[in-house]
Amino acid sequence: MASSGAARAAVGAAKVVKPLLSRDVDEAKRRVRELYRAWYREIPNTVSRFQLDITTAQGRDKVREMFNKNKHVTDPRVIDMLVIKGKMELQETIHIWKQRTHIMRYFHESEEQRPTDFLSKFYHGHDP
């Protein structure tokens, strides 16, 4: 009886998870590079189609910043999930399912955050 309980515990500890798309980290990194290239190539079209108030270089810098934000991730399943989300965003942008404001939100994230509590607003001079 004790040995069967220990065997079940060992099997539970060595659970193998099914990969989403990539079999290993190298394949996941390859998918990330493909997505980065696709975004990099799409930025000039996006800037002209949506008539954005940014340059192509600023758009590419923002794409680089967004990819660098997740460069610490090493789990292939998490990387695959981020790639899937990135492809969905790219498809929405290419097919113009987004509006101009949706795209410009990415550029307002790097701005300084406004104060949230009453005294900080008062000291900073913001109206509610």
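**Exercise 1.** Which helices do the buried residues of α2 pack against?

*Solution.* Before starting, note that this is a predicted model, where local features need pLDDT of at least 70, side-chain atom pairs count only at pLDDT 80 or more, and totals for chains, interfaces and linings use all residues. Residues are numbered from 1 along each chain as its sequence is written, and side-chain values use heavy atoms, leaving out hydrogens and water.

Step 1: find the buried residues (under 20% relative accessible area, 1.4 Å probe, protein chains only). In α2 they include Leu35, Trp39 and Ile43.
Step 2: look for their partners, which are α3 (56-69), α4 (76-94) and α5 (100-108).

**Exercise 2.** Find where α2 has a kink.

*Solution.* Step 1: locate α2, which covers residues 25-49.

**Exercise 3.** Work out how α2 is oriented relative to α4 and to α3.

*Solution.* Step 1: take α4, whose axis comes within 10 Å of that of α2 and crosses at roughly 20 degrees. That makes the two helices roughly parallel (under 35 degrees).
Step 1: see who makes this contact (heavy atoms within 4.5 Å); among them are Ala28 and Leu35 of α2 and Val83 and Leu90 of α4.
Step 2: turn to α3, which packs on α2 at about 155 degrees, with the axes 9 Å apart. This pair is therefore roughly antiparallel (over 145 degrees).

Conventions: Helices (H or I, at least four residues) and strands (E, at least two) are DSSP runs, numbered from the N terminus. The expected span of a helix is 1.5 Å times one less than its number of residues. The bend at a residue is the angle between axes fitted to the seven residues ending there and the seven starting there. Buried means under 20% relative accessible area, exposed over 50%, partly exposed in between (1.4 Å probe, protein chains only). Axes are lines fitted to C-alpha atoms, for helices over the stretch in contact, and angles run from 0 to 180 degrees between N-to-C directions. Angles under 35 degrees count as roughly parallel, over 145 as roughly antiparallel, 65 to 115 as roughly perpendicular and the rest as oblique.
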